[in-house]
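This report describes how secondary-structure elements are arranged in a single chain. The sequence and the structure are shown first.

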Amino acid sequence: MEQLCRKINMPEEVTRKLVELHSTLDSFPCQDLLMHEESWAQGLDQLKTFLGEDPHGFKRLCYMLRCALNAKSVYDRLGISETIYIDTMGAFSRFVREHKESYGCYGFDRGSWTPRQVSCKLFRIGQMEYELTALGGTPVVSLHIPTDVDLRPDILLPSMKAGIAELYRLFPECQGQKIYCHSWLLSPLLKDYLPDHSNILQFQNLFDIEPEGIPGNDVLLWVFKNPKLPKEEYPENTSLQRKLKAFFLSGGRFLEGKGYLRVPL
């Protein structure tokens with residue numbers, strides 16, 4: 001546990017807590033449920049009951065990292081590199097740090113998302129995360145954008161090309177599947193608030209985006225950091241924050257976007 005925490009750059013304070021918990025917490029008898037897609041929901045429900053009080057989410061984080069440790073043997077069997085394993089599990093550290101940025105203290109509140117990482121359905125390869133999933137019964141690769149991504153085209157495009165090639169090498173059955181993305185970054189509304197040369201709009205240009213947006217509130221977390229703030233207290237440190245704050249104060253309803261990656265990039 002300590003070695004994994006250090007490899008994924010977990011904050012030292014949280015690493016100490018996790019090492020202590022790892023040595024004292026009982027084994028979760030239904031751990032395998034968290035590591036198979038068809039039983040995620042059941043596993044999460046049983047884990048919640050099993051944990052009891054867990055105000056900062058560290059017990060849940062500890063059990064998820066135990067799953068991550070068990071997943072290493074699957075990575076090795078599939079021939080997936082140590083770099084991809086560490087980068088993928090680095091999401092745990094990123095989520096812990098984002099919690100502090102939002103609420104002023106370390107914590108873990110993304111337990112419903114991380115079964116994807118520990119069940120070997122989602123991988124970070126370079127700048128992006130790629131999830132093996134399905135839409136309407138059709139297999140697709142779902143593209144996810146980590147908060148520490150570098151959206152500059154000269155950095156992003158080579159990384160995505162290499163990442164997709166590596167994904168196809170590891171999972172040949174993915175070749176020919178569409179690459180799908182649903183994100184606030186694809187919102188059609190952003191064209192009204194960003195200059196044409198912005199990295200976000202250049203990222204949008206990589207996709208055939210469906211014209212009708214989807215109501216969603218992810219933008220509150222990713223742009224304003226704390227979705228629990230009253231609208232009047234949204235920060236105004238960037239131009240986008242100022243413009244979107246005015247949008248929400250005027251009663252605006254944000255629409256997220258979805259679409260498919262154009263091929264070739």
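Helix 4 and helix 5 (residues 82-103) are roughly antiparallel to each other (angles over 145 degrees count as such), since they pack at an angle of about 170° with their axes 11 Å apart. Axes are lines fitted to C-alpha atoms, for helices over the stretch in contact, and angles run from 0 to 180 degrees between N-to-C directions. From helix 4, Leu-61, Met-64, Leu-65, Ala-68, Leu-69, Ala-71, Lys-72 and Tyr-75 take part in the contact (heavy atoms within 4.5 Å), and from helix 5, Glu-82, Ile-84, Tyr-85, Thr-88, Met-89, Phe-92 and Val-96. The contact of helix 4 with helix 5 comprises 12 nonpolar, one polar and two charged residues. In this classification Ala, Val, Leu, Ile, Met, Phe, Trp, Tyr, Cys and Pro are nonpolar, Asp, Glu, Lys and Arg are charged, and the others, Gly among them, are polar.

The model is predicted: local features need pLDDT of at least 70, side-chain atom pairs count only at pLDDT 80 or more, and totals for chains, interfaces and linings use all residues. Residues are numbered from 1 along each chain as its sequence is written, and side-chain values use heavy atoms, with hydrogens and water left out.

Helix 4 (residues 58-78) also meets helix 3 (residues 40-51), and their axes come within 10 Å and cross at roughly 130°. Leu-44, Leu-47, Lys-48, Phe-50 and Leu-51 of helix 3 touch Lys-59, Arg-60, Tyr-63 and Met-64 of helix 4. Six nonpolar, no polar and three charged residues make up the contact of helix 3 with helix 4.

The strand pairings (at least two DSSP bridges between two strands) are tabulated below.

| Pair | Sense | Bridges | Bridge partners |
|---|---|---|---|
| Strand 1 (residues 122-125) and strand 2 (residues 128-135) | antiparallel | four | Ile-125 and Met-128 |
| Strand 2 and strand 3 (residues 138-144) | antiparallel | seven | Leu-132 and Val-141 |

Strands 1 and 2 form a hairpin with two residues between them, and Gly-126 in the turn has a positive phi of about 70°. The hairpin of strand 2 and strand 3 has two residues between the strands, with Gly-136 at a positive phi near 60°.

Overall, the chain contains 10 helices and seven strands, which are DSSP runs (H or I, at least four residues; E, at least two) numbered from the N terminus. Its C-alpha trace spans about 55 × 45 × 35 Å along the principal axes.

Note on methods. Angles under 35 degrees count as roughly parallel, over 145 as roughly antiparallel, 65 to 115 as roughly perpendicular and the rest as oblique.
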